[in-house]
Amino acid sequence: YPVEITEAGLKEIPAYQEYVPTKRAQTPVTVGTDQLPSYWFAGACFDSVDDQTERFLADGCWVNGNKGKYLDVVRAMKPGERIALKAAFTRKHDLPFDPKGNRVSVMAIKATGTITHNPGDGNNIDVDWDPVQPVREWYFYTNQRTIWRVRENDWKAKALIDFTFNGAEQDYDQFRNAPYWAERFGDEAPQV
């Protein structure tokens, strides 16, 4: 639609709306995943050996111990975003549900906090930490990478965020019977 821009015409710019097709104008606007808030789950071990949890809590920081890795991910962390210190592993016994003889992925939440500063070096951030006492364990939907960005884009992520940062309980049955885990852990899964 060619428009001649004149000084008088500039005042009529809102009339542009009439050129938007009706169906398009009524389509609801959805928020893309990139626009959802980020929640971070960060490991506290360097070289899979030395647990840095106490140091991070005492110094009010988190350090990327993987030299040259995850730099852009750490740079993406913003002040005000929530972060949790985690340890990921598997377990077969002493679980709050029947694993039917299978190993289950576990993520221990050791502390939660709020990012207060990111210098942008990809290695360090400042965090206002709150230790979690006792450590809380989350099952099934876990990640062993050093740093994991989670956004509320599905029911699993929402449940993990609510568990970690709001003290909600995990619905084990919902996860056990979800399609990815049902064959091994679901109500119809055979005992191994």
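Predicted model: local features only at pLDDT ≥ 70, side-chain atom pairs only at ≥ 80, totals over all residues.
Student: Which residue in S5 stands opposite Trp 40?

Tutor: Opposite Trp 40 stands Ile 83 of S5. In general, the strands of a sheet pair through backbone hydrogen bonds, in either a parallel or an antiparallel sense. Two strands are taken as paired if DSSP finds at least two bridges between them. Here S1 and S5 pair in the parallel sense over five bridges. Helices (H or I, at least four residues) and strands (E, at least two) are DSSP runs, numbered from the N terminus.

Student: In which sense do S5 and S6 pair?

Tutor: S5 (residues 82–91) and S6 pair in the antiparallel sense, over ten bridges. Within that pairing, Ala 111 in S6 is the bridge partner of Leu 85. S6 and S7 are likewise joined in the antiparallel sense over ten bridges, and Val 106 stands opposite Tyr 139 in S7. S6 and S7 form a hairpin with six residues between them, and Gly 120 in the turn has a positive phi of about 85 degrees.

Student: How is the covering of a strand judged?

Tutor: In a regular strand, side chains alternate between the two faces of the sheet. A residue is buried under 20% relative accessible area, exposed over 50% and partly exposed in between (1.4 Å probe, protein chains only). S1 is largely enclosed by the rest of the structure, because five of its five residues are buried. Both of its faces are covered: Tyr 39, Phe 41 and Gly 43 lie on one side, and Trp 40 and Ala 42 on the other. S6 is mostly covered, with ten of its 14 residues buried. Over the 192 residues of the protein chain, buried residues make up 38%.

Student: Which residues touch the most other members of the largest nonpolar core?

Tutor: In soluble globular proteins, nonpolar side chains tend to be buried together. A nonpolar core is a set of buried Ala, Val, Leu, Ile, Met, Phe, Trp, Tyr and Cys residues joined through side-chain atoms within 4.5 Å. In the largest core, of 25 residues, Phe 41, Phe 140, Tyr 141 and Leu 160 touch the most other members. Elements that each supply at least two residues include S1 (39–43), S6 (104–117), S7 (124–139) and H5 (155–166). H5 gives the most, with five residues. A second, separate core of 18 residues includes Val 74, Ile 115, Ile 125 and Val 127.

Student: Which residues does Leu 160 touch?

Tutor: Contact means heavy atoms within 4.5 Å. Not counting residues up to four places away in sequence, Leu 160 touches Phe 41, Met 107, Trp 138, Tyr 141, Trp 148 and Val 150.

Student: How many aromatic pairs does a search of the whole structure find?

Tutor: The search finds 16. Rings of Phe, Tyr and Trp (its six-membered ring) pair if their centres lie within 6.5 Å; planes under 30 degrees apart count as stacked, over 60 as edge-to-face and the rest as tilted. The pair of Tyr 39 and Phe 165 is tilted, because the planes stand at 40 degrees, with ring centres 5.4 Å apart. Tyr 39 lies in strand S1 and Phe 165 in helix H5, so this pair ties together parts that are 126 residues apart in sequence. Both Tyr 39 and Phe 165 are buried.

Student: Where does Arg 136 lie?

Tutor: Arg 136 lies over the face of Phe 163, at 3.9 Å from the ring centre. A charge sits over a ring if NZ of Lys or CZ of Arg is within 6 Å of the ring centre and within 35 degrees of the ring normal.

Terms used. Residues numbered from 1 in each chain as written. Heavy atoms only, no water.
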